[in-house]
Amino acid sequence: MHRPELKNFRRIVVKVGSSLLIDSEAGEVKTAWLAALAADIAELHLHGRDVLIVSSGSIALGRSRLKLARGPLKLEESQAAAAVGQIALARIWSEVLGDHGIGAGQILVTLQDTEERRRYLNARSTIGKLLEWRAVPVINENDTVATAEIRYGDNDRLAARVATMTSADLLILLSDIDGLYDAPPGANPDAKLIPVVEQVTAEIEAMAGGAESELSRGGMRTKIEAAKIATTGGTHMLIASGKIEHPLRAIANGGACTWFLTPANPVTARKRWIAGSLEPKGTLTIDAGAVNALRAGKSLLPAGVIRVDGHFARGDAVVVRGPDTDEIGRGLVAYDADDADRIKGHSSPDVMTMLGITGRAEMIHRDDLVMGVVPG
């Protein structure tokens, strides 16, 4: 089975767990290790890669800053510790990336932000703008407000959701272990590392064990769940050891890890989801000029829309029809039905004035548009 190469990926999400980032005895960040990781990230960034970080550590840092005793915390105690630790964590990432001339942007998300379409689009747009500005988004679960019922509880699955949400083509889970083994390596000296997993099967899931460290909420089981989320969304994933310095450099040099492959890519997986899995809530009828623009790979602008039908919200799927009413595609609309009706036929500068906002003017961005859909 072919093992991919790190240099061939354009947008990479790197997940860093608490046990790698925080010295559990001292309650402080492992500064030398983090500096080495930042150098790896800077190398990828220098060669034009988009890099996103999903970082744990806020509760552990908060416990240290507040000098809390060891042992389990109540929900409100965890939330308060996270509030203190999140400030420290953001400052630390800002400083280590700033040493390489790279800006960092903090994004705090909850389960709802990646499940509810409107909030999903807002998060996706914010992260997209940071990447456009060549900043590195540093993402964590918003532990200060998320309750037990509305939280991920582990950053492996959160990282997978972020990877698919941002159309990343690779997710790297830095772990206490260098990959998936065919048996628990701690208990079985003959356990063998599996270098490539072509598909997450029941057999692969059965190999997953529990958490390996005190600070880790997850374990191999959550990593396999993350692999299912990522690969279904068109994102390759790998598990590699973060216990070494320069872990990303080690991956690039062919170091031990487990790759989980996907047959799709993020764009095709996302467009397949738009085309086949979402019920259209309305219709946009467009003029002949807009039809030609869409077929040339452009986004749909309000100026090309001549009619709006249906009751839809921002982020809903809509059918796009040409002036002859034939369906030419489907996409995720960027405006509510009322606003879409107000701005149809108007130029982009007019749209900004009419709505009193600034930002993206497209009615449907080309990344959210699937052409050639035949009505079922």
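In the predicted model, G331 stands opposite L369 of strand 15, strands being DSSP runs of E with at least two residues and helices runs of H or I with at least four, both numbered from the N terminus. Residue numbers start from 1 along each chain as its sequence is written. Because the model is predicted, local features need pLDDT of at least 70 and side-chain atom pairs count only at pLDDT 80 or more, while totals for chains, interfaces and linings use all residues; side-chain values use heavy atoms, without hydrogens and water.

Strand 14 (residues 327–332) and strand 15 run antiparallel and are joined by 3 bridges; two strands pair if DSSP finds at least two bridges between them. Both belong to an open sheet of 5 strands with mixed pairing, ordered 12-11-13-14-15. Strand 12 (305–310) and strand 15 (369–371) are at the edges with a single partner strand each, so one side of each has no neighbour in the sheet. Neighbouring strands are turned against each other by 20° on average, direction ignored. Helix 12 (residues 288–295) lies across strand 11 (282–286), strand 13 (317–321), strand 14 and strand 15, and runs at about 105° to strand 11. Axes are lines fitted to C-alpha atoms, for helices over the stretch in contact (heavy atoms within 4.5 Å), and angles run from 0 to 180 degrees between N-to-C directions.
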